[in-house]
Amino acid sequence: MRGRRSAEVGPSYRPFGDVELMADVAPSVGFLAEVATAARFRGRGLAERLCRWVSGELVAARGRAALMVDDGNLAAIRVYERIGYRRRAVMASRAV
């Protein structure tokens, strides 16, 4: 996928080598998932640039994009809010 523009990124995309994300599309929404940056490359804006681009592609393809993030992941929440995502409360449960 390196150098190729696509809204249907996956199963795994690593254009910077040390920043990884997955994205998928459904009929009505693009979904950004599993964004990870190697510790030694954090704080450089790599994940933000990649998420911004992929989110734009997902919105162009499906009209909207979504993601899920843990409440305690404040660094990621700040990145997503800068990109334009807004928080919505959701309920999650685990079946035992």
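Which residue just after H1 takes a positive phi? Gly63 does, with a phi of about 90°.

## Model and conventions

This is a predicted model, in which local features need pLDDT of at least 70, side-chain atom pairs count only at pLDDT 80 or more, and totals for chains, interfaces and linings use all residues. Residues are numbered from 1 along each chain as its sequence is written, and side-chain values use heavy atoms, with hydrogens and water left out.

## Helix H1

Helix H1 covers residues 46-62, helices being DSSP runs of H or I with at least four residues and strands runs of E with at least two. Because 17 residues at 1.5 Å a residue should span 24 Å, the 24 Å between the end C-alpha atoms of H1 agrees with expectation.

## Largest pocket

The largest pocket has a volume of about 800 Å³, where a pocket is an open set of points on a 1 Å grid that fit a 1.4 Å probe, with protein on both sides within 12 Å along at least five of seven lines, and lining residues have an atom within 4 Å of a point. Of its 23 lining residues, Leu67, Met68, Arg86, Arg87 and Arg88 lie nearest the centre. H2 (74-83) gives the most to this lining, with four residues.

## Second largest pocket

The second largest pocket holds about 570 Å³ of space and is lined by 26 residues, with Val35, Thr37, Ala47, Ala76 and Val79 nearest its centre. Strand S2 (30-37), H1 and H2 each give two or more residues to that lining.

Definitions and conventions:
Expected span 1.5 Å × (residues − 1). Points joined across faces, edges and corners; volume = space filled by probe spheres on them.
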